Amino acid sequence: MKPTSHSFPANARIGLADPILQTALGLARSGFPLRRQQAIERLPEFEELREVGRAIKDHTLAHLDFYLELYERNVTAAGGQVHWARNAAEARAAVLDICRSVDAKIVTKGKSMVAEEIALNDHLEANGITPVETDLGEYIIQLRHEPPSHIIAPAIHLMKEQVAEAFRAAHTELDPDRSLNDPRALCDEARTVLRPRFLAADVGITGANFLVAETGSSIIVTNEGNGDLTQILPRIHIVVTSLEKVVPTLEDAATLLRLLARSATGQEFSSYTTISTGPRRPGDHDGPEQYHVVLLDNGRTALLGGEFQDMLRCLRCAACLNHCPVYAAVGGHAYGWVYPGPMGAVLTPALVGVEEAGHLPNASSFCGRCESVCPVKIPLPKMMRHWREREFARRLSPPVYRSGLRLWAWVAQRPALYHALADIAGRVLGWAGGHRGRFRSLPFAQGWTAVRDLPAPEGRSFHSLWAERQRKPRGHR
Amino acid sequence: MNSARDDILAGIRRGLGRGPVGAETAAELAARVAAHRRNLVPARAAGLDHAARVDLFVAMAEEVQTTVARVASLDNVPGEVARYLAAENLPAELVMAPDPSLDAIRWDQRPLLQIRRGRAEPRDAVSLTPCLAAVAETGTLLLVSGADTPTTLNFLPDTHIVVLRAGQVVASYEDGWDLVRGRQEWPRTVNLITGPSRTGDIEQRIQLGAHGPRRLHVVLVEDAPAAE
Amino acid sequence: MAEPARVALLVTCLVDLFRPSVGFAAVKLLEEAGCTVEVPYAQTCCGQPAYNSGARADAQAIARQVIAAFAGYDYVVAPSGSCAGMVKIHYPGLFADEPATLAQAQELAARTWELVSFLVDVRGMERVAARWERNVTYHDGCSGLRELGVKQQPRRLLASVAGLQLTELPDSEVCCGFGGTFCIKYPEISDKMVTDKAADIAATGAEAVLAGDLGCLLNIAGKLARRGSPIEARHVAEVLAGMADELPAIGMPAR
């Protein structure tokens with residue numbers, strides 16, 4: 001999808017003013033942190049596992065070439081095929097070629113953020129192939145022609161009424177008088193409507209939560225089972241994934257899986273964790289005849305060895321989104337691309353450029369909650385700050401902030417001048433604040449006073465009062 | 001013109017500030033993979049004796065809406081299956097994995113139960129399969145694909161019944177990996193199943209039976225050892 | 001009581017300009033804890049605004065000034081989690097490429113503390129002599145909480161204030177929306193965050209909200225006042241030092 005991250009402030013305003021979105025976000029914001037907390041309280045080793053998970057990922061990244069080559073050898077040995085893609089266009093082309101090789105008409109899809117990243121659905125449709133999203137949240141937003149707003153719960157911005165509306169508009173073959181009042185009815189309808197699509201699909205496309213070098217396997221984690229029906233029924237299973245998903249062994253995957261579900265939804269384990277290796281074996285009665293892995297770079301190798309390498313540890317669990325007060329205020333669409341929230345604030349500029357996405361790492365109070373819940377200890381605020389440093393150095397920040405800040409910094413390095421100015425400012429504003437003790441409105445502070453009062457200074461500055469106190473003999477203080 | 005593969009690998013090496021991994025490092029890394037050492041495994045299930053481990057499996061499974069019926073022996077399986085289907089108001093028909101481990105069950109004791117052996121078809125409402133193991137840590141069943149254990153049985157029907165012998169309950173996922181590695185060939189699909197299918201995608205309210213089975217029923221046979 | 005110590009007060013730019021009383025409350029508490037307190041003249045700010053805006057060179061320049069000004073003291077104490085965090089956690093990273101300054105930054109970091117955690121964790125203070133009969137609630141400032149582990153210490157000392165009742169604030173650990181320049185650059189988002197915080201505070205039924213950072217408090221007090229709320233916002237140091245009765249709350253008129 002074409003990024004609109006440059007419009008983040010306007011997008012955010014729309015989100016803040018949307019009462020349905022605000023209600024939906026309210027549900028998520030209270031639910032996810034509580035469930036995660038309950039899950040980690042049941043696992044005393046959780047903190048230690050975060051450190052182990054971080055170490056596994058760092059080790060893998062330090063030897064990424066070795067592990068990817070080993071992974072590819074094992075995929076091939078199991079009868080599968082790896083297609084390396086430098087960028088989105090190559091990845092799309094690889095998928096299209098495979099689909100065309102079997103004259104595919106219908107393609108079912110499990111949820112894949114990488115597929116969103118390369119805008120795969122649009123490309124398939126433009127080439128006469130119908131992609132059918134099968135994850136319930138993805139299916140809903142596909143009907144509504146909108147992007148996902150969360151990396152694991154794509155329709156989190158919607159309430160049931162909007163889902164019902166989308167279903168009524170799309171499922172015209174069903175009885176128009178049917179009741180779609182509750183999530184149960186909606187879920188049953190999705191199951192009924194999508195089952196024939198699963199069965200009719202020529203190709204099934206999934207993502208991968210992990211790639212296992214030891215066995216040449218891909219691992220997907222779902223609660224619905226849609227990823228499984230997507231991959232075992234059609235003739236071809238294509239995994240659309242990216243380089244940094246690889247881990248060395250199944251034991252490494254087990255450690256990361258213990259972190260993943262708890263961090264994402266607060267579950268002990270997702271309903272379905274599936275390890276897929278190659279096509280069906282001789283003698284199997286089901287399973288795909290072909291297994292392809294499209295392995296995407298699209299800017300990831302550029303992060304290795306630099307300030308943003310730690311971002312490649314990301315498990316896409318969404319814990320950072322779920323705990324971010326900015327995400328909770330504006331929702332995922334405000335971020336303007338595939339990856340919202342704190343991880344999106346770091347990754348999006350890396351993948352689409354900081355000129356486009358520069359607002360995202362700035363729209364943070366650096367509260368640090370994201371880093372504190374990241375299962376692999378990614379220092380998200382630090383990397384957002386690195387983006388700010390790059391923007392500052394390249395003069396991408398608005399001139400008024402930049403010059404104001406530099407002026408302030410200049411004064412701050414001159415204590416005598418600073419103290420004099422602070423004392424004057426304190427006295428003037430203290431006096432102007434008058435008997436109210438605060439300002440309802442203040443020139444040059446409209447950003448603040450538009451929505452809150454500004455408390456008035458007490459009067460003289462601390463340094464001025466302290467100096468005076470020091471001058472008095474001891475007994476007089 | 002370089003291939004994408006060459007460019008990507010070159011890009012990785014450039015980023016890491018080195019050339020290809022040297023022979024000594026490669027050997028170390030290969031050895032690390034071959035050894036597949038376990039990382040920290042939570043104590044939750046590891047420290048338990050077998051009976052307690054089985055109890056833990058049952059408790060964790062029931063937490064996620066798996067139903068568990070504990071029976072004394074394989075001979076009790078047909079009766080339990082018939083009872084379960086009647087209690088859930090389901091027709092007395094099912095499709096069963098062709099796996100030999102299920103051959104010893106006296107299905108002839110329940111002649112009204114219609115059984116077909118093979119993979120699942122869209123019309124099948126109930127399936128019955130064995131499993132390779134059950135992981136006590138989170139109440140998770142481990143199933144593998146094969147000629148005798150088609151994967152469609154785990155996903156197409158609305159109700160999935162699993163026959164589990166108590167001896168198959170292991171503590172951790174890592175114990176499960178070792179069992180899979182011990183098989184003749186690595187399977188196409190390894191399924192770790194923890195409860196029925198579900199979704200919370202609409203207003204965060206959990207609904208069972210999104211696309212996979214709505215019901216997952218485990219018949220836990222307490223006296224039989226694990227199948228060979 | 002621990003042995004005498006020579007403490008340098010890192011006033012913080014917000015305390016200096018908006019609420020010197022917090023600085024004096026800090027001095028009083030530090031003296032009660034057996035410290036002698038000095039206030040180095042050559043301090044203006046810890047440099048956080050420059051640092052978080054990406055103006056790294058300016059942040060380094062200000063940090064060098066702080067390092068020089070606070071050399072030689074046993075401890076450096078700030079009545080602010082974010083300022084103490086800047087010095088303790090972030091200064092060393094600013095000088096990763098300058099070994100000599102890095103060593104100085106690390107040395108400074110090791111003896112820099114947020115006020116309340118210094119009193120409790122270093123000086124072993126277990127109670128204060130203050131009395132303040134109010135029902136209060138407490139907002140955990142993000143830097144103090146997550147960078148410095150300030151959580152139990154203020155609660156511990158507040159529990160010893162005679163007549164004081166503490167009602168825990170739901171979502172006390174959620175950011176109030178100040179974030180330094182964030183509240184200016186993204187005012188609507190900041191407003192949403194502080195509106196939620198003010199509503200949470202009001203819902204506790206508390207008469208006052210306390211915190212350890214003046215940035216948070218100016219933000220919260222400003223929002224409460226705009227809502228017409230009588231809830232008082234104060235720095236925890238004022239209450240612990242027994243100065244609350246004599247001091248108008250933040251943003252409230254002098255009696």
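Guide: In chain B, the C-alpha centres of domain 1 and domain 2 lie 41 Å apart. Domain 1 of chain B covers residues 1-37 and domain 2 covers 43-221; such bounds come from an automatic or database domain assignment. This is a predicted model, in which local features need pLDDT of at least 70 and side-chain atom pairs count only at pLDDT 80 or more, while totals for chains, interfaces and linings use all residues. Residues are numbered from 1 along each chain as its sequence is written, and chains are lettered from A and ligands numbered from 1 in the order in which they are written.

The C-alpha trace of chain B spans about 70 × 40 × 40 Å along its principal axes. Its secondary structure consists of seven helices and 12 strands, where helices (H or I, at least four residues) and strands (E, at least two) are DSSP runs numbered from the N terminus. Of the 228 residues of chain B, 49% are buried. A residue is buried if 20 or more other C-beta atoms lie within 10 Å of its own, exposed if 12 or fewer do, and partly exposed in between, with C-beta atoms placed from the backbone. Two residues are in contact if their C-beta atoms, placed in that way, lie within 7 Å. Among the contacts in chain B with a separation of 6 or more, 75% join residues 24 or more positions apart.

We may now turn to the partner of this chain. Two pairs of chains are in contact, and chains A and B share the most contacts. The contact between them takes 63 residues from chain B and 74 residues from chain A. On the side of chain B, at least two residues each come from helix 1 (4-16), helix 2 (23-35), helix 6 (152-155), helix 7 (173-181), strand 9 (189-193) and strand 10 (198-199). Helix 1 of chain B gives the largest share, 10 residues. By class, this side of chain B has 26 nonpolar, 23 polar and 14 charged residues. Here Ala, Val, Leu, Ile, Met, Phe, Trp, Tyr, Cys and Pro count as nonpolar, Asp, Glu, Lys and Arg as charged, and the others, Gly among them, as polar.

Strand 9 of chain B also takes part in a pairing across the two chains. Five bridges join it to strand 9 (residues 272-276) of chain A, and the two strands run antiparallel; two strands pair if DSSP finds at least two bridges between them. Strands of a sheet pair through backbone hydrogen bonds, either parallel or antiparallel.

Chain B and chain C do not touch, and their nearest C-alpha atoms are 19 Å apart. Chain C does touch chain A, with 59 residues from chain C and 50 residues from chain A in the contact. The side of chain C that touches chain A divides into 34 nonpolar, 13 polar and 12 charged residues.

Chain A, which touches both of the others, is divided into domain 1 (1-42 + 318-397), domain 2 (60-150 + 195-302) and domain 3 (410-476). The C-alpha centres of domain 1 and domain 2 of chain A lie 25 Å apart. Their contact takes 19 residues from domain 1 of chain A and 18 residues from domain 2 of chain A. On the side of domain 1, helix 2 (19-41), helix 13 (319-323) and helix 15 (341-352) of chain A give two or more residues each, and helix 2 gives the most, with six. That side of domain 1 of chain A holds 13 nonpolar, four polar and two charged residues.

Chain A also has an open sheet of six strands in the order 1-10-7-4-2-3, with parallel pairing. Strand 1 (81-85) and strand 3 (130-133) of chain A stand at its edges with a single partner strand each, so one side of each is left without a neighbour in the sheet. Within the sheet, strand 2 (residues 106-109) and strand 4 (residues 203-206) of chain A pair in the parallel sense over three bridges. Thr108(A) has Gly204(A) as its bridge partner in strand 4 of chain A.
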